Amino acid sequence: MLTILKSGIQTCIQDLGRIGFRHLGVSQSGVLDPLAAKCANILLNNPQNTPVLEITVGLCRFKFEKPTNFAITGADLCAELSGQKLTAGWRYHANAGDILTFATSKTGLRAYFAVQNGFSSLRPIMNSYSTDIQAEFGGLTGTALEDGDLLDYPSHSALSPIGAALPEYTESLRVILGPHLDILPKDNQQSLLEQLWRVLPQSNRMGVRLSNDLDLTHNKSVASQGVSPGTIQLPPNGEPIVLLNDCQTTGGYPIIAQVIDADLRHLSQLSAGQACRFVAVDRAEALHAQIKQSQHLAQLEIAVQHHNKKNS
């Protein structure tokens, strides 16, 4: 068992999401930084969709009741195993009784914690183990984990340590311009791409709210239409919302752009007050960025298999 001694701000079970149910009004859910979660699973020889713990902000503690191998990826939230400092992006072994702690960081927001062969006490709903926090289903109890919760996992003897470097997080978010951008005057359309945007404290897994001094207020409305993670809506107050994995499935605000899938991981690590900027790209570049990430993971998988074979 893994005992959640302190659950922190928000720690929840997520896999790669609930795909194929948006027409029923069901949100995607799933990890906000899929590259980091996939990397953690690859380091442990797990299928990439194995559920992991998504830790937001940090400030949490876990106790291993059985020996196992685990990996931590994503933001460096100053993790320690029974007082020994750990490095994000590495595979480690824990003995029964070891305590894993996460502090916090000013440079990143979310870390991912996976165990070898995953947590065994979970039940899939709609082909996913992800916690849908808004609708309260999935995960362990349909909510973020709480102090005292228990997660079972199989015990394993130690694997040799191995780490992986992921592409750096950046403040630049590549976007494809949206169908309603022309509600803005031409000058403001250009300023949307030139200026820095600050993340507002009201941001969560549903969406990242942004603000700056640019006046984008408007009184335009559009018919409700489908939206998805990455869609940038512009409410009448002129403060854009970038939708994330727990977002609704339809919306009636004008859509001014769409963050490409490959760059949503950068948004997942931005906390209140941090800055980002938009860079316009075309569909071909968006597809190329996604392929590049897939190639990175494929190379990592080969490297881990080679390392395991060499050290077995």
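**View A. Helix 4 at the largest pocket.** Helix 4 gives the most to the lining of the largest pocket, with four residues. The model is predicted, so local features need pLDDT of at least 70 and side-chain atom pairs count only at pLDDT 80 or more, while totals for chains, interfaces and linings use all residues. Residues are numbered from 1 along each chain as its sequence is written, and side-chain values use heavy atoms, with hydrogens and water left out. Helix 1 (34–43), helix 3 (264–268) and helix 4 (283–311) each contribute at least two lining residues to the largest pocket. Helices (H or I, at least four residues) and strands (E, at least two) are DSSP runs, numbered from the N terminus.

**View B. Volume and lining of the largest pocket.** The largest pocket holds about 490 Å³ of space. Its lining has 21 residues, of which Gln 28, Pro 34, Asp 261, Leu 264 and Gln 290 are the closest to the centre. On a 1 Å grid over the protein atoms alone, a pocket is an open set of points with protein on both sides within 12 Å along at least five of seven lines, whereas a cavity is a set of points where a 1.4 Å probe fits but cannot get out; lining residues have an atom within 4 Å of a point. Grid points are joined across faces, edges and corners, and a volume is the space filled by probe spheres set on the points. Which classes of residue make up this lining? The lining of the largest pocket has ten nonpolar, eight polar and three charged residues. Ala, Val, Leu, Ile, Met, Phe, Trp, Tyr, Cys and Pro count as nonpolar, Asp, Glu, Lys and Arg as charged, and the others, Gly among them, as polar. The largest pocket lies between domain 1 (2–163) and domain 2 (172–281), because both give residues to its lining. The domain bounds come from an automatic or database domain assignment.

**View C. The second largest pocket.** The volume of the second largest pocket is about 420 Å³. Among the 23 residues that line the second largest pocket, Gly 74, Ala 75, Thr 107, Glu 168 and Tyr 169 are the closest to its centre. Strand 5 (68–74) and helix 3 each supply at least two residues of this lining. Domain 1 and domain 2 each provide at least three residues to the lining of the second largest pocket. By class, this lining comprises ten nonpolar, nine polar and four charged residues.

**View D. The cavity.** One cavity of 30 Å³ or more is present in the structure. The largest cavity has a volume of about 30 Å³. Residues that line the largest cavity include Ile 72, Thr 73, Asp 76, Cys 78, Leu 86 and Phe 102. The lining of the largest cavity divides into nine nonpolar residues, two polar residues and one charged residue.

**View E. Strand 1 and its two partners.** Strand 1 (residues 2–6) pairs with strand 11 (residues 150–151) in the antiparallel sense over two bridges. Two strands pair if DSSP finds at least two bridges between them. Strand 1 is also joined by four bridges to strand 4 (residues 60–64), and these two run antiparallel. Thr 3 takes part in both pairings: Leu 150 stands opposite Thr 3 in strand 11, and Lys 63 is the bridge partner of Thr 3 in strand 4.

**View F. Strand 19 and its surroundings.** Strand 19 (residues 255–259) is mostly covered, with four of its five residues buried. Buried means under 20% relative accessible area, exposed over 50%, and partly exposed in between (1.4 Å probe, protein chains only). Strand 12 (residues 172–177) pairs with strand 19 in the antiparallel sense over three bridges; here Val 175 has Val 259 as its bridge partner. Strand 16 (residues 231–233) likewise pairs with strand 19 in the antiparallel sense over three bridges, and Thr 231 stands opposite Gln 258.

View G. Leu 59 lies in the loop between strand 3 (52–56) and strand 4. The phi of Leu 59 is positive, near 60 degrees, in a residue other than glycine. Leu 59 counts as partly exposed because its relative accessibility is 37%. Asn 117, in the loop between strand 10 (110–115) and strand 11, has a positive phi of about 70 degrees although it is not a glycine. Thr 50 is placed in the loop between helix 1 and strand 3. Is Thr 50 buried or exposed? Thr 50 counts as buried, because its relative accessibility is 12%. Leaving aside neighbours within four places in sequence, Thr 50 is in contact with Gln 14, Asp 15, Asn 41 and Gly 118, where contact means heavy atoms within 4.5 Å.
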